[in-house]
Amino acid sequence: MAVTTAEQTHALAAALGAVLEAGDLLVLTGELGAGKTTFAQGVGEGLGVRGGIISPTFVLVRIHPNRPEGTRPGGPDLVHVDAYRLESAREIDGIDLENTLDTAVTVVEWGRGRVEHLSGSRLDVELHRAIGTGDMGTGEIGIGGSTTDQDGTLDFDTSDNDEPRTIVLRGFGPRWAEQPMLTGRTGGKF
C-alpha cells in the first residue's frame with residue numbers, strides 16, 4: 001500500500017490494530033525515519049491502549065496496558081520492543097518476551113532475524129521510503145530525514161515526515177494464512 005503522509009501510516013496501523021489479537025507478533029522493518037514508531041502508535045490506537053507510545057530505543061521494551069475506557073475494553077495490551085541495539089535472537093530471549101507473548105500484541109521494531117523463533121505466526125511489516133537514505137538489504141542507513149551527499153556527509157533534513165512510503169504486509173504461519181487483508185493482493189502488498 002502506498003501512503004503519502006504520517007497520518008495515513010498511522011490510520012492504516014490503527015485499522016490493523018483494531019483486528020489484532022493477543023499473541024500476535026508484528027515485526028517492523030525499515031530504515032531510520034521510515035515510520036516504524038508511527039506505525040506502532042497507530043497499532044496502539046487501534047488496540048485502545050494507554051497513549052504515549054514512543055520508540056523504546058534506550059529501554060528496549062515498553063508495555064502499554066489496555067484502557068478500560070479505550071476503543072477495545074478488555075483487549076490485549078501492547079508490548080513495544082526496539083531491537084535495534086540487539087544483535088541476536090539470544091539477546092531477545094534475555095528480555096523475556098515469552099512472558100507476555102500470549103496475552104499481548106507484540107510489536108518489534110528492527111526485529112527481522114531476531115524474533116522469528118518466538119512464534120509460529122508473525123506479520124512482517126516493511127516500510128519503504130520513496131526518498132530513501134539507504135538500502136535495507138545492504139545495511140546502509142541514514143538518520144531521520146537525512147540523505148548522504150557524494151562526499152559521505154549526512155544532510156539532516158527532518159522536516160520531510162510526510163514523504164511517500166510503501167507499506168508491505170506479509171503474514172507467516174497459520175494465524176495469517178487466510179486473512180483477507182493479506183490475500184487477493186499481489187505479494188501481500190496493498
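## The Arg175–Asp24 salt bridge

In this predicted model, arginine 175 and aspartate 24 form a salt bridge whose closest N and O atoms are 2.7 Å apart. The pair links distant parts of the chain, 151 residues apart. Arginine 175 belongs to the segment after β9 (165-172), whereas aspartate 24 sits in the loop between α1 (6-17) and β2 (25-29). Aspartate 24 has a relative accessibility of 4% and therefore counts as buried, the cut-off being under 20%.

## Arginine 112 and its two partners

Arginine 112 forms a salt bridge with aspartate 124, with 4.0 Å between the closest N and O atoms. Aspartate 124 lies in strand β6 (residues 122-129) and arginine 112 in the loop between β5 (104-109) and β6, so this contact ties together parts that are 12 residues apart in sequence.

A salt bridge also joins arginine 112 to glutamate 126, where the closest N and O atoms are 2.8 Å apart. Glutamate 126 is in strand β6, 14 residues from arginine 112 in the chain.

Arginine 112 is partly exposed, at a relative accessible area of 36%. Aspartate 124 is buried, at 6%, and glutamate 126 counts as buried at 11% relative accessibility.

Across the whole structure, a search finds 8 salt bridges.

Technical notes
Residues numbered from 1 in each chain as written. Predicted model: local features only at pLDDT ≥ 70, side-chain atom pairs only at ≥ 80, totals over all residues. Heavy atoms only, no water. Salt bridge = Lys/Arg side-chain N within 4 Å of Asp/Glu carboxyl O. Helix = DSSP H or I, 4+ residues; strand = E, 2+ residues; numbered from the N terminus. Buried < 20%, exposed > 50% of the residue type's maximum accessible area, 1.4 Å probe, protein only.
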